[in-house]
Amino acid sequence: MKITPAQQQRILIVDDHPIFRKGIAMLLEHEHDIIICGEAETAAEALGLVERHEFELVIADISLKDINGIELVKSLKVLKPHLPVLVLSMHDESLYAERALRAGARGYLMKQAPPDQVVAAIRHVLGGELYLSAAANLLMLNSFVTGRDSSSKSSVEKLSDRELEIFELLGQGRGTSMIAHDLRLSVKTVEAHRSHIKTKLGIHTAPELVRAAVEWVTRRTGGGD
């Protein structure tokens, strides 16, 4: 049966890597009922597009040029409560999948997943279902069954979404003023978050905080993006 443009599922891709956006478009070009009809590099661009156009799904990364994808999900939830979001990211699902779902995303998948799994995730979320990889599902199920509480979480897991975002930016070499500018926060607010992060991580000085952040980012990225 021939699919008309009106029957196609309209998707917005939010990712700061043009090559990745093109890759997703190529992956979906043979899915005749799905069409990529919007691309954005930043959360601000994405929110503007969602305000002006209708989409059936947003595919978003965690790492963007302004705020991170978790904050974007929260903003999209306020702007368009029924618009589903699938987070597709390099960031470890063991730390970010649950955060993304709590923020309002309908699915989380890592970028290294096989192409057929990416398509399956897109179709599950478009169909109104939640989607997580088998590993993430097992992790969250184990957490539920064992009743893991905050006392059993690692120090970084205890950080709030905003604190984790600032910790990661510190690890990328950004200073307080730059973080405040990028996140549209006051310097005083960022300094307060830094203080909370130090307390939760058992760190006493600013240099120790930056060193811990750099080491954490390096471990998670394997030294690259």
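In what order do the six strands form the open sheet, and is the pairing parallel or antiparallel? The legends below begin with that sheet.

**View 1. Six strands form an open sheet.** The order is β2-β1-β3-β4-β5-β6, and the pairing is parallel. Two strands pair if DSSP finds at least two bridges between them. Strands sit at the edge when they pair on one side only: here these are β2 (34-40) and β6 (131-132). Strands of a sheet pair through backbone hydrogen bonds, either parallel or antiparallel. This is a predicted model: local features need pLDDT of at least 70, side-chain atom pairs count only at pLDDT 80 or more, and totals for chains, interfaces and linings use all residues. Residues are numbered from 1 along each chain as its sequence is written, and side-chain values use heavy atoms, leaving out hydrogens and water.

**View 2. Strand β3 meets strand β4.** β3 covers residues 57-60 and β4 covers residues 85-89. The two run parallel, joined by three bridges. Look for A60: V87 in β4 stands opposite.

**View 3. Y108 lies in strand β5.** The strand spans residues 107-110. Y108 is buried, with a relative accessible area of 0%. Buried means under 20% relative accessible area, exposed over 50%, and partly exposed in between (1.4 Å probe, protein chains only). Now find I24. Y108 and I24 are 84 residues apart in sequence, and their C-alpha atoms are 15 Å apart in space.

**View 4. Helix α7 is largely enclosed by the rest of the structure.** The helix runs over residues 161-171. Ten of its eleven residues are buried, so the structure around it encloses most of it. Among the buried ones are L164, I166, F167, L169 and L170. Charged types are on the list too, including D161, E163, E165 and E168. G173 follows α7, and its phi is positive, near 95 degrees.

**View 5. The whole chain has ten helices and six strands.** Helices (H or I, at least four residues) and strands (E, at least two) are DSSP runs, numbered from the N terminus. The radius of gyration is 18 Å, close to the 17 Å that the globule rule gives for 225 residues, so the chain is as compact as a globular protein of that length. That radius is taken over C-alpha atoms, and the rule is 2.2 Å times the number of residues to the power 0.38. The C-alpha atoms fill a box of roughly 65 × 40 × 30 Å, taken along the principal axes. Of the 225 residues, 44% count as buried.
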